[in-house]
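Subject: Handover of a structure

Hello,

I am passing this structure on to you. Please have it open while you read the notes that follow.

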Amino acid sequence: MSASSPIISVRNLKKIYRIGPNRVHALDGISFDVPGGSFLAIVGTSGSGKSTCLNMLAGLERPTSGTVRILGKRIDQMDERQLVRFRREHVGFIFQSYNLIPSMNAEENVAMPLIFRGIPKEQRQAVARKYMEKIGILDQATHMPNQMSGGQQQRVGIARALAVNPDIIFADEPTGNLDSHTTAEVLALLRQIVKEQKKTLVMVTHDQSIADHADIQIRIIDGKIVERKGYSDEQEKH
Ligand SMILES: Nc1ncnc2c1ncn2[C@@H]1O[C@H](COP(=O)(O)OP(=O)(O)OP(=O)(O)O)[C@@H](O)[C@H]1O
Ligand SMILES: [Mg+2]
């Protein structure tokens, strides 16, 4: 795949939540492409629809209407079993709250997603250690999450996302719980990963200065895209 062909293609995506008699148009017909190998930020204020959008791209929630095509496959048409498989093969997640398993040490947390791929223990450990070294946390391999700082825990979260060698990494406010210095470090690390390992990164943030680290930005207000930045002329904007 060339660097600029879209790996993700979203068309007229809508999500309506029903809360009692009310209908919330969380996503109100958004269309955009994510070029392969790029770092895209979805930026917007609280409640604008960012997480809803990310969850739909990751196949964690079903759209009300519209299409999501990833690596040429229609995510919106997959059943639960196909989605689980698709996520396992192609997707890594980084969460705001790290989501580490408290009873497992750092290395075990990083190796955890490989269990579901049926990879034997020794190989899991080797892969985990490889990514921990890349991220600069190998010396903390035996530390438990509650013995680590937020920035260290998030590095474990990043190493865990990379361990499955995903094509795409989805990150929802990955630096939301970090101070500004650690935020800058983690963002630099994410940029480096996208560049060196040719991953595609889709990151959600409410913070414009964090979004500015991305190659491409889309701004959402009330479930609609109001601004796009960083797309080249050849790339489809829609
Ligand atoms: N499961 C749900 N049921 C009902 N309404 C929901 C649900 N999830 C989100 N919403 C509504 O959809 C809208 C968009 O929510 P979303 O979580 O996508 O916002 P966000 O941009 O991620 O905000 P934040 O920055 O606070 O995380 C909001 O009005 C929210 O109340
Ligand atoms: Mg959110």
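A salt bridge here is a side-chain nitrogen of Lys or Arg within 4 Å of a carboxyl oxygen of Asp or Glu. By that definition the structure holds nine salt bridges. This is a predicted model, in which local features need pLDDT of at least 70 and side-chain atom pairs count only at pLDDT 80 or more, while totals for chains, interfaces and linings use all residues. Residues are numbered from 1 along each chain as its sequence is written, chains are lettered from A and ligands numbered from 1 in the order in which they are written, and side-chain values use heavy atoms, with hydrogens and water left out.

Salt bridges

Strands (E, at least two residues) and helices (H or I, at least four) are DSSP runs, numbered from the N terminus. For exposure, buried means under 20% relative accessible area, exposed means over 50%, and partly exposed is in between (1.4 Å probe, protein chains only). Arg11 counts as partly exposed because its relative accessibility is 23%, whereas Asp33 is buried at 3%.

A salt bridge also connects the side chains of Arg129 and Glu107, at 2.6 Å from N to O. Arg129 sits in helix H4 (residues 121-135) and Glu107 in helix H3 (residues 106-115), so distant parts of the chain, 22 residues apart, are linked by this pair. Arg129 is partly exposed, with a relative accessible area of 37%, and Glu107 counts as buried at 12%.

In the salt bridge between Arg219 and Glu227, the closest N and O atoms are 3.7 Å apart. Arg219 is partly exposed at 23%, and Glu227 is partly exposed at 33%.

The sheet

Two strands pair if DSSP finds at least two bridges between them. Four strands form an open sheet in the order S2-S1-S4-S5, with antiparallel pairing. Its edge strands, each pairing on one side only, are S2 (22-35) and S5 (73-74).

S1 and S2 run antiparallel and are joined by eleven bridges. Within this pair, Ile8 stands opposite Val34 in S2, and Tyr17 stands opposite Val24 in S2. The two strands form a hairpin with two residues between them, and Gly20 in the turn has a positive phi of about 60°.

S1 also pairs with S4 in the antiparallel sense, over five bridges. There, Lys14 has Ser65 in S4 as its bridge partner.

Helix H1

Helix H1 (residues 50-57) lies across S1, S2 and strand S4 (65-70), and runs at about 60° to S2. That angle is taken between N-to-C directions on a scale from 0 to 180 degrees, with axes as lines fitted to C-alpha atoms, for helices over the stretch in contact. Six of the eight residues of H1 are buried: Lys50, Thr52, Cys53, Leu54, Met56 and Leu57. What do the buried residues of H1 pack against? They pack against S1, S2, strand S3 (39-43), S4, strand S7 (168-172) and strand S8 (200-205), where contact means heavy atoms within 4.5 Å. Just after H1, Gly59 takes a positive phi of about 70°.

Lys15

Lys15 is in strand S1 (residues 6-19). A polar atom of the Lys15 side chain lies 2.7 Å from the backbone oxygen of Arg62. Leaving out residues up to four places away in sequence, Lys15 touches several residues, among them Val24, Thr52, Met56, Glu61 and Arg62.

Lys195

Lys195 is found in helix H6 (residues 180-197) and is exposed, with a relative accessible area of 68%. Lys195 and Val84 are 111 residues apart in sequence and 27 Å apart in space, C-alpha to C-alpha.

Regards

Definitions and conventions. Polar contact = N/O pair within 3.5 Å; in protein donor to acceptor, adjacent residues only side chain to side chain.
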